[in-house]
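Thank you for making time this morning. I would like to walk slowly through one structure, and I ask you to keep the view open while I speak.

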Amino acid sequence: MRKKQVLALLLSGALTFSMAPAAVFAEDASELSIEDVSDAGIAAASETPEEEPAEAPAETPAEAPAEEPTEAPTETPTETPVETPTEAPAETPTEVPTTAPGEVPVVEIPSAAEGNLKEGEGATPTPTEAAAKPFTVGDKSFDTLDEALAACTTPVANDEPDTIILNQDLVLDKTVKLTGKNIVFATPADKTITISRKSGFKGNMFEVKDSFVYFCGTEDYDEDGNDIHGTLTINGASEEMSEGSIVSILEGGSFQLMANCTLTGNKTSANGAAIHCTQGIVLLSGGTITGNSTTGEGGAIFSDSTVYAEGTVTVTGNTGAEGAVSNIVLANDSSITDPNDEKAVVVSIVDKLEKSTISIQMKNPAAGVPVVCMDSDIEGITLADVLPQFTYEGSGDFSIDETGFLKSQETPEETKLSAEIKDAAWLSTNKVKLTVTSNKDATVYIKVVKTGTKAPTADEIKKDNHKTTVSANKSSAITYTFSTSEKTAVGTDGASIYLCFIDNTGEAVVVSKDMDPAARPPKLTGVDASWTGHDSATVIFQSDKSGTYYWTYGTDSTAPAIEKCTKGAALAANANTPIYVEGITTEGTIYVYIYVKSDSGLVSAPLVAELQSKSRPAAPTQTPTRDPKVPAVTESTVTGLEKPLEFYPNTFYPFTVSGAGMDNTDPIEGDVRWNPLYWSTSSNPSDSEKHSTWKIGAAGGIKKAATYNLYIFYRQEKYTGNEWRATDNISSVAYQFQSAAIEFDDIQITPGANGTYSYYDEDGNLVTRDADGNLISRTDDTTDTGSATATGANTADESPVGTMGMLAVLSLLAGGYVLVRKRKRITE
């Protein structure tokens with residue numbers, strides 16, 4: 001069935017029976033979220049137009065009001081209906097249409113080009129006078145709803161209904177009776193409007209008879225193309241329980257709820273707290289019905305005729321007698337099992353329904369009773385797509401089957417307990433997070449053993465009594481910290497997690513998960529923490545993984561996040577790593593917080609070292625005779641490399657490094673010096689590129705004249721507590737030296753362990769050959785900068801001078817030498 005038909009001639013003889021709207025507002029209703037709604041509105045009559053004028057559009061809308069379409073319809077009205085009613089002449093309005101619920105004739109959701117109403121396009125007329133008054137109809141504004149209703153004269157048969165724009169909140173003190181009307185109640189595209197009850201008013205808020213009535217929040221676009229919409233809320237809340245519904249649909253009445261509209265808050269003794277339908281039509285094209293309650297039936301809707309649905313609809317959170325869940329209640333005849341029977345009462349899908357949540361029950365449930373049906377001609381969706389959007393909330397003896405009919409719930413066979421560990425992750429060295437599922441409510445016992453050891457039995461797992469509970473068919477997160485005995489048993493090896501699930505019958509299932517030791521965060525161990533002065537201390541620790549440490553200190557025993565810590569230096573696995581804490585001005589006990597991020601990016605749990613105040617040295621009382629000496633690292637000097645060096649094969653030259661401040665023989669508190677540690681031809685050397693023997697040379701010699709960079713690395717030391725103490729600050733200074741042009745015969749290099757050997761040719765190129773003498777590579781690794789001036793820089797030095805990849809340190813082990821290749825490759 002074509003989309004051109006949503007509800008109308010709904011009842012084929014829609015006009016004959018006056019039971020269905022001749023046009024539908026929204027083609028695709030937007031999904032709405034539920035919001036809290038105030039119990040009280042502001043009476044429109046009490047508003048002062050001058051105080052809150054309605055907003056007029058800045059530009060003339062591209063579409064004229066519904067009364068004056070600016071474009072000719074693309075289809076003639078005669079094309080709209082595709083089915084013709086076979087019963088009921090116009091003079092018999094009390095008859096029910098013969099169209100089967102499964103094949104509901106519908107009126108097309110018109111496009112703007114057709115000149116008919118479409119949600120968000122043309123729904124808001126363009127007033128020709130200031131829309132400061134509470135109500136606007138076409139280009140007229142009115143002070144009262146009665147005046148606005150009187151101005152709505154469009155016949156029910158017309159497919160272009162009148163539109164009342166609600167410019168202000170409205171408080172009702174009596175029932176709005178709509179008879180023989182064809183009306184849309186809408187909001188401005190940028191406002192939230194509430195219709196509420198006046199205190200003491202208990203009746204129906206709206207009664208619809210022989211009329212087409214639509215409630216919607218208007219959607220539109222601003223001049224930049226951004227989506228804007230108005231929201232309409234009808235709130236039935238009152239201090240006393242009401243006696244009516246928000247909308248009562250009587251014989252011949254048709255009501256359509258659309259997007260951006262919410263029916264809520266009505267507490268009543270009537271059936272159908274939000275909507276009560278007797279021999280009428282309800283079409284849910286969007287919007288939300290929630291937060292209503294009745295002492296009768298149908299906290300949301302009570303209907304003795306079919307309810308039609310499309311778009312995105314939410315009908316949940318409503319209650320019936322004694323607070324029981326009750327949303328849509330259909331007053332069906334349990335003897336009718338054919339959805340095409342004209343007396344069948346069902347929910348009929350008339351167009352694409354998606355992202356909806358609808359709860360429903362039948363007043364007279366029975367196996368084989370139809371509940372949800374749809375026209376097979378609807379494109380883009382099947383009944384299988386629709387049914388998951390419905391929840392049957394009636395008797396637990398029934399549910400909706402895959403064909404949309406009620407079926408009896410069979411007593412399930414006894415289900416065996418099953419469980420699974422879906423995911424497991426390390427949180428710290430001895431802490432894991434597990435995601436588990438079980439098909440039954442269960443108690444879960446936990447035990448950790450070293451990977452590779454014998455698996456524990458269910459009784460052994462239960463013995464330690466480390467337990468929690470999980471709910472059936474839900475993913476549950478379990479965070480578990482190893483016990484002391486488990487920490488000892490596992491150590492730094494892999495850990496296997498065993499879980500024993502036990503249901504209320506005593507059935508037990510054991511599942512396990514081996515934790516990847518490579519993914520285990522570093523484990524930190526404190527070695528020592530001691531004061532070295534009143535304002536300084538040293539903390540020594542170890543990590544079982546190499547990486548980089550981060551630290552800070554404070555007065556709280558709880559460690560801050562790693563992001564608030566200072567990045568320290570790289571550290572090796574299982575080696576004592578010192579942290580020198582200086583400049584502590586806070587009195588009392590101090591805590592030093594340490595994290596390690598492994599080379600693979602895993603972060604340890606924090607190690608907290610305590611420096612107790614009672615062991616803290618007293619502050620020095622002597623007054624310094626001078627200011628502390630704090631030389632820059634660049635004041636360090638290198639001698640012995642001033643002249644070009646003749647690098648004959650196996651010739652090495654000693655050089656001397658004098659760290660800035662190392663000649664300070666009379667230090668005072670706060671003095672600084674720079675102690676030379678090692679040198680390299682790389683600004684960021686690996687451990688194999690760090691040399692502490694202060695000699696330089698080339699095993700194969702260098703014939704050409706060139707200039708090279710040499711990086712000297714110094715550790716900062718600070719005088720405190722009457723002694724020099726090393727800090728974490730390691731900085732480098734870049735120097736340059738030159739090779740002189742010389743001549744010599746090439747030498748044969750003794751092959752390495754794998755049979756390859758390397759040497760330098762007369763141009764200084766590094767040549768590598770295999771054991772058979774075949775050439776593997778020849779690389780020019782020198783850079784002649786033409787500069788003979790040494791330049792100081794920190795570790796982040798970006799000197800343009802190329803590093804010297806052909807130099808070697810004289811090895812003191814076994815009388816050998818080390819040949820540096822390509823900056824980071826070393827051949828012995």
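Predicted model: local features only at pLDDT ≥ 70, side-chain atom pairs only at ≥ 80, totals over all residues.

**Salt bridges, a pocket and a sheet**

Let me begin with K690, which forms a salt bridge with D687, the closest N and O atoms being 3.3 Å apart; a salt bridge here is a side-chain nitrogen of Lys or Arg within 4 Å of a carboxyl oxygen of Asp or Glu. Residues are numbered from 1 along each chain as its sequence is written, and side-chain values use heavy atoms, with hydrogens and water left out.

Are the two partners buried or exposed? K690 is partly exposed, with a relative accessible area of 34%, and D687 is exposed at 64%, where buried means under 20% relative accessible area, exposed over 50% and partly exposed in between, with a 1.4 Å probe and protein chains only.

K690 also belongs to the second largest pocket, where it is listed with A569, A570, Y678 and I730 as lying nearest the centre, in a lining of 22 residues. A pocket, on a 1 Å grid over the protein atoms alone, is an open set of points where a 1.4 Å probe fits, with protein on both sides within 12 Å along at least five of seven lines, and lining residues have an atom within 4 Å of a point. The lining has 12 nonpolar, six polar and four charged residues, with Ala, Val, Leu, Ile, Met, Phe, Trp, Tyr, Cys and Pro counted as nonpolar, Asp, Glu, Lys and Arg as charged, and the others, Gly among them, as polar.

By the salt-bridge rule, the count comes to 11. One of them joins the side chains of R626 and D671, at 2.6 Å from N to O. R626 lies in the loop between strand 46 (607-611) and strand 47 (637-639), and D671 in the loop between strand 49 (656-658) and strand 50, so the pair ties together parts that are 45 residues apart in sequence; strands are DSSP runs of E, at least two residues long, numbered from the N terminus. R626 is partly exposed at 24% relative accessibility, whereas D671 is buried at 0%.

Finally, an open sheet of three strands has the order 33-34-37, with antiparallel pairing, and two strands pair if DSSP finds at least two bridges between them. Its edge strands are strand 33 (419-428) and strand 37 (476-481), each pairing on one side only. Strand 34 (residues 431-438) pairs with strand 37 over six bridges, and L434 stands opposite I478 in strand 37.

Definitions and conventions
Helix = DSSP H or I, 4+ residues; strand = E, 2+ residues; numbered from the N terminus.
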